[in-house]
Amino acid sequence: MRRSWLLYSLRNNAVVCFACKLFSSKARKLTTEGHSDWSNINSSLRGHECSPDHTQSLLQLRELDIHLKKNLTIDHQELTLLEAEEERWCNVLKHLISITLSLASRNLSFRGSSQVLHVQDNGNFLKEVELLAQFDPMNHLTKIKDESSCMHYLGQQTQNELMQIIST
Ligand SMILES: [Zn+2]
């Protein structure tokens with residue numbers, strides 16, 4: 001009988017049930033340091049594989065295997081969300097660099113007397129941000145309404161850093 005759940009530990013010179021080690025909350029020799037009583041190994045393994053706890057662990061392992069093959073694990077979903085977030089922030093950065101280059105190439109001032117979006121006198125940089133946001137409804141910039149610009153990487157410090165990085 002092939003036991004795909006059984007692993008041999010060279011270091012401990014013992015066998016371990018991989019499924020129970022992952023999913024079982026019961027601490028047994030087969031799930032902790034491993035079973036190394038070789039004279040009774042057959043009866044021990046037969047007893048273990050008939051236990052309800054092992055059956056449950058094996059089902060969970062097979063379910064995990066199926067989900068991994070179909071990319072349905074939480075890790076995969078988290079990774080997809082992370083990649084979408086990364087792409088969104090790259091787009092925000094591209095917009096901010098374009099605005100910085102556009103204003104700098106025309107020798108226009110960046111700031112006004114206010115650092116808040118959607119108010120008079122908030123300067124050319126934030127006015128350009130507001131303008132671009134109208135044409136990109138999925139962008140970070142449209143999500144900002146009346147809050148301070150420095151809360152969303154649009155403030156003076158970010159503008160200075162962008163100019164510094166672009167100039168070097
Ligand atoms: Zn087991």
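This is a predicted model: local features need pLDDT of at least 70, side-chain atom pairs count only at pLDDT 80 or more; totals for chains, interfaces and linings use all residues.
Where does Asn107 lie? I began my notebook with that one, and I found Asn107 in the loop between H4 and H5.

**Entry 1: the loop**

I looked up the backbone of Asn107 and got a phi near 55 degrees, which is a positive value in a residue other than glycine. Its relative accessibility is 73%, so I put Asn107 down as exposed. I then turned to Asp121, which has its place in the loop between H4 and H5. Phi of Asp121 is near 60 degrees, again positive in a residue other than glycine. With 52% relative accessibility, Asp121 counts as exposed; the cut-off for that word is over 50%.

**Entry 2: Glu128**

I moved on to helix H5, residues 123-133, where Glu128 is found. Is Glu128 exposed or partly exposed? I read 22% relative accessibility, so Glu128 goes down as partly exposed. Leaving aside residues up to four places away in sequence, I listed Ile99, Ser102, Leu103 and Arg106 as the residues that Glu128 touches. I also checked Glu128 against Phe110: the two are 18 residues apart in sequence, and their C-alpha atoms are 9.7 Å apart in space.

**Entry 3: H4 against H7**

Next I took helix H4 (residues 74-105) and helix H7 (residues 156-167), whose axes come within 10 Å and cross at roughly 75 degrees. I therefore noted H4 and H7 as roughly perpendicular to each other, since 65 to 115 degrees is the range for that term. Which residues meet there? From H4 I wrote down Leu93, Leu96, Ile97, Thr100 and Leu101, and from H7 Leu162, Met163 and Ile166. Sorted by kind, the residues of this contact come out as seven nonpolar, one polar and no charged.

**Entry 4: the zinc ion**

Which protein atoms are the donors of the zinc ion? I found SG of Cys17, SG of Cys20, NE2 of His48 and ND1 of His54, lying 2.0 to 2.2 Å from the zinc ion. The angles among the four donor atoms run from 99 to 118 degrees, and the site is tetrahedral. Are Cys17 and His48 buried or exposed? I have both of them down as buried.

Note on methods:
Residues are numbered from 1 along each chain as its sequence is written. Side-chain values use heavy atoms; hydrogens and water are left out. Donors are N, O and S atoms within 2.8 Å of the metal (3.2 Å for Na, K and Ca); water is not among the atoms, so sites may look incomplete. Four donors count as tetrahedral if all angles lie between 85 and 135 degrees; four count as square planar and six as octahedral if opposite donors are over 155 degrees apart and all others between 65 and 115; anything else is irregular. Buried means under 20% relative accessible area, exposed over 50%, partly exposed in between (1.4 Å probe, protein chains only). Axes are lines fitted to C-alpha atoms, for helices over the stretch in contact, and angles run from 0 to 180 degrees between N-to-C directions. Helices (H or I, at least four residues) and strands (E, at least two) are DSSP runs, numbered from the N terminus. Angles under 35 degrees count as roughly parallel, over 145 as roughly antiparallel, 65 to 115 as roughly perpendicular and the rest as oblique. Contact means heavy atoms within 4.5 Å. Ala, Val, Leu, Ile, Met, Phe, Trp, Tyr, Cys and Pro count as nonpolar, Asp, Glu, Lys and Arg as charged, and the others, Gly among them, as polar.
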